[in-house]
Each structure stands twice: as structure tokens, then as C-alpha cells.
Amino acid sequence: MSEVAPEPVVLAIMTAGSRPEIPPLDGVELRFAEPDQTAEALDGADALLVWNFNGTGLDAAWPRAGNLRWIHINSAGVDRIITPQIVDSKVVVTNARGVLNESIAEYVLALILAFAKDLPKTLTLQQAHTWQHRPTQRLRGTRALVIGPGAIGRAIGALLGRLSIAVDAVGRTDRAGDDVFGRVFAPAALPQVVGDYDFVVVAAPLTEATRGMISAEVIAAMSPAACLINVGRGPIVDEAALSSAVQSRAIRGAGLDVFENEPLEAASALWTDANVIVSPHMAGDFFGWEDELLNVFLDNLDRYRHRKPLRNVVDPSLGFVPHDTDEPPTHTDAAQPTPGVS
């Protein structure tokens with residue numbers, strides 16, 4: 001039996017300043033567009049690639065998306081494109097889940113080592129030409145709590161576990177541990193358990209359930225010797241409460257790669273606090289990362305055109321991929337999305 005002929009596709013690509021190098025494909029019409037050109041690009045388009053997640057103009061352009069059946073976003077997080085219209089529609093959403101897991105885990109480890117070995121102070125002393133011997137923390141025997149035991153959280157937990165750090169997690173429900181986490185707590189337990197950990201790592205997607213999860217109450221319950229690391233999304237953490245806690249030395253420090261508003265405002269006290277490490281949303285970005293992200297999309301595009309199940313299908317009502325593996329889902333809805341927007 002011959003392979004199904006590839007379906008022709010009108011593909012809108014939201015670029016926001018950078019363009020992917022998509023090779024010419026027979027039967028695929030490419031429409032590159034900046035955010036303010038979204039409506040025109042979506043008119044009659046079957047599929048949308050959100051290459052740069054900083055902005056799409058998708059919400060305002062939605063009335064022109066009558067033919068749209070599939071959206072792929074070039075990141076693991078989908079919070080910047082999920083709207084009530086998408087949740088209520090039959091448009092399939094996929095993401096780049098899996099590509100950045102290892103790199104983000106390594107970045108978290110780098111931040112933990114920086115705090116444990118007091119590297120920020122070492123660099124400050126070096127700049128002052130000051131020789132100041134002092135002991136530092138050993139990781140063996142420390143404890144980490146990962147907020148969000150999904151694919152990224154599991155990669156973080158597995159890497160930290162290999163350094164003899166005891167790792168637990170906070171997920172959607174309370175459950176027994178597994179080969180990565182000693183225990184998974186429900187969110188309601190967070191204020192009661194967070195004080196037992198040396199490192200609290202935020203790796204959850206931004207959803208209505210996680211927004212503000214690391215509240216002033218949770219931060220106040222942390223150990224004074226603990227560090228908070230956020231590689232998830234800024235709005236998950238009460239940034240003002242965190243800044244206050246660091247400045248008052250109520251907690252040891254914070255390693256922040258994501259913020260409520262990006263770029264981080266120049267006037268923010270987080271820039272200058274000696275116990276805060278600020279980075280510009282780069283935890284997952286390794287040399288060659290864009291090529292790997294493009295390969296994930298191109299594989300899905302081929303699947304879409306041949307009416308095969310797509311990888312990394314997001315549940316818009318949840319805001320993430322509700323699968324334990326990166327294997328394609330068993331259903332076929334993603335392979336043959338229903339035309340139109342309901």
C-alpha cells in the first residue's frame with residue numbers, strides 16, 4: 001500500500017525578529033510575519049509556527065484564523081499563546097517538549113553549585129584583589145524540592161540525584177515517589193514542607209493553578225539557609241516577596257532565569273543584590289538549540305502533511321503535554337485536526 005500523499009499546507013510563521021531557515025517544501029506555502037502582521041498571515045492558513053514566543057498578536061488576529069487547524073510553539077511553555085479562544089476551539093497545539101530538558105537541568109545544577117560553593121562572593125573578592133579563605137557547602141546530604149515534576153522537572157531531579165542530593169517534588173496530586181523523586185507532594189502541602197529543603201527549584205509551566213504558587217507565605221516558610229531557583233515562569237513566584245526576603249536575608253539567595261516582566265526592569269533591586277543571580281531567560285539555550293527546535297517542528301510538519309499523529313500535543317485546558325513520555329499520543333485527533341475554529 002502506497003504512502004498517503006502529503007497534504008498541501010499554508011503555513012504562517014510568527015517570527016518576532018528572527019526567522020527559522022525552513023527548507024523549500026513542495027506543497028507548503030510559507031508566510032513569514034511579525035506580530036503586527038499576524039492577522040494577514042493567518043487569513044486562510046492551515047497551520048501556525050510561533051518561532052519566537054515573545055509575541056504573536058494571535059489574540060487580536062483570531063477572527064482571521066478560520067482555517068487554522070494546528071499551532072506549533074517553539075518552546076516548552078505555551079502560556080503566551082493559550083487563549084480562551086484556543087481552549088474552546090478544535091485547533092491542535094504542539095510544543096518543543098524534550099529539546100531543552102537536559103540543558104535546563106544543567107543550568108539549575110550550575111546555579112546550585114554557584115550558591116553552594118559561594119562563587120558570586122569569590123568573583124567579587126577577585127575583583128577587589130582580596131584573598132579570603134573560607135569553607136563552602138558540600139552537596140552530598142542536601143535536599144532539593146522541585147516544583148513541577150514534568151519532563152523538565154524530572155531531568156533536573158535525575159541530575160541532582162546523581163550528586164547525592166535528596167530530591168522531592170510538588171505536583172498536581174500527592175503520590176509516592178519513584179526512581180527520580182523520593183516523594184511528590186500536592187500543592188496544598190507546600191507551605192508545610194518547603195522549610196525542609198536547601199534548594200527550591202521552580203520548573204512548572206505557567207497555568208492558572210501555578211500562577212503565584214510561590215507566594216509570600218511559601219517564601220516566608222523557606223529555611224533561612226535555602227536558595228530559590230526559578231527556571232519555569234516569572235509569575236509563578238511572588239517577585240516582590242522574594243526580593244524582600246533576599247534583601248532581609250530571610251533566605252540565602254535566589255537564582256532567577258525568568259521574571260514577571262521580561263526584560264527585567266533596570267530599576268529592579270534583583271540586579272544589584274549580591275545574593276541574587278540574574279540571567280536573561282537562557283537556561284535552555286545551548287549551542288545549536290534552534291536547529292534542534294526546528295527539527296522537532298519539521299518532523300511534526302511531515303507528520304501533519306501525511307496525517308500521522310503529532311508529537312508533543314498540548315492539552316490547552318491544562319497548559320502542557322499530559323503525557324509521561326515523548327512518544328506520539330495514541331489518538332489520531334492531532335493527525336487529522338478538524339478544519340475551522342469552533
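Q: What share of the 342 residues in the protein chain is buried?
A: This is a predicted model, where local features need pLDDT of at least 70, side-chain atom pairs count only at pLDDT 80 or more, and totals for chains, interfaces and linings use all residues. Residues are numbered from 1 along each chain as its sequence is written, and side-chain values use heavy atoms, with hydrogens and water left out. Buried means under 20% relative accessible area, exposed over 50%, and partly exposed in between (1.4 Å probe, protein chains only). By that cut-off, the buried share of the protein chain comes to 48%.

Q: Which residues have the most contacts inside the largest nonpolar core?
A: A nonpolar core here is a set of buried Ala, Val, Leu, Ile, Met, Phe, Trp, Tyr and Cys residues joined through side-chain atoms within 4.5 Å. The largest one has 33 residues, and those with the most contacts inside it are Ile-156, Leu-160 and Val-231.

Q: Which element gives the most to this core?
A: Helices (H or I, at least four residues) and strands (E, at least two) are DSSP runs, numbered from the N terminus. Those supplying at least two residues each include helix H6 (151–161), strand S11 (227–230) and helix H4 (101–116). With eight residues, the top contributor is H4.

Q: Is Thr-272 buried or exposed?
A: Thr-272 sits in the loop between strand S12 (253–256) and strand S13 (276–278). Its relative accessibility is 69%, so Thr-272 counts as exposed.
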